[in-house]
Amino acid sequence: MPNPQHLVPELGTAAGAMFQATGNGSIPRATIGLVQLRAGQIVGNTYLAVLHAGNLRTAGESEERITAVATWHDAPYFTDAERTALALVEAVLQPSVHGERVSDALYAEAAEHYDAQALATLAIAIGQVNFFVPLALIGKPLPGCPPEDQWTR
């Protein structure tokens, strides 16, 4: 598939608006990056995982934290607030055999770390990755290629 932004130019405006919404300062960029990396891992898309890991590296995150996102439950590198954000992205993106994905207990835990604006921003950050999942899975962009070559095979 050719680059979707060339086919649907409005995509850039929509993506830019979501990026701006997550950059409103209510949640640290590092937390958003960790959440987006975990989302890319959960949906099993190499392009998204490599993209978000690279963004975290560029922002100065340590290799330990980036590598440990997949196993955050037992890694010592994350704050309680980051752990809650990672739990939230997993709850949203992974079906639960026990019914409700985001339990009242998880929401209460998240509300201890984040105010209403920050929770909305976190939900947008999770949704931002989901916005691109179909494009990444169908179009199969290639990680590590120059932007003009990512969408060609």
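Thr84 is buried, with a relative accessibility of 1% (buried means under 20% relative accessible area, exposed over 50% and partly exposed in between, with a 1.4 Å probe and protein chains only). This is a predicted model, in which local features need pLDDT of at least 70 and side-chain atom pairs count only at pLDDT 80 or more, while totals for chains, interfaces and linings use all residues. Residues are numbered from 1 along each chain as its sequence is written, and side-chain values use heavy atoms, with hydrogens and water left out.

Thr84 lies in helix 6 (residues 80–93); helices are DSSP runs of H or I with at least four residues, numbered from the N terminus. Apart from neighbours within four places in sequence, Thr84 contacts Leu106, Glu109, Ala110 and His113, contact being defined as heavy atoms within 4.5 Å.

Helix 3 (residues 29–42) packs against helix 8 (residues 116–139) at an angle of about 35°, and their axes are 9 Å apart. Axes are lines fitted to C-alpha atoms over the stretch in contact, and angles run from 0 to 180 degrees between N-to-C directions. Ile32, Val35, Gln36, Ala39 and Gly40 of helix 3 meet Thr121, Leu122, Ala125, Ile126, Gln128 and Val129 of helix 8.

The structure contains 1 aromatic pair. The ring centres of Phe131 and Phe132 are 5.0 Å apart and the planes lie at 80°, so the pair is edge-to-face (rings pair if their centres lie within 6.5 Å; planes under 30 degrees apart count as stacked, over 60 as edge-to-face and the rest as tilted). Phe131 is partly exposed, with a relative accessible area of 34%, and Phe132 is partly exposed at 23%.

Key
Helix = DSSP H or I, 4+ residues; strand = E, 2+ residues; numbered from the N terminus. Phe/Tyr/Trp six-rings, centres within 6.5 Å; stacked < 30°, edge-to-face > 60°.
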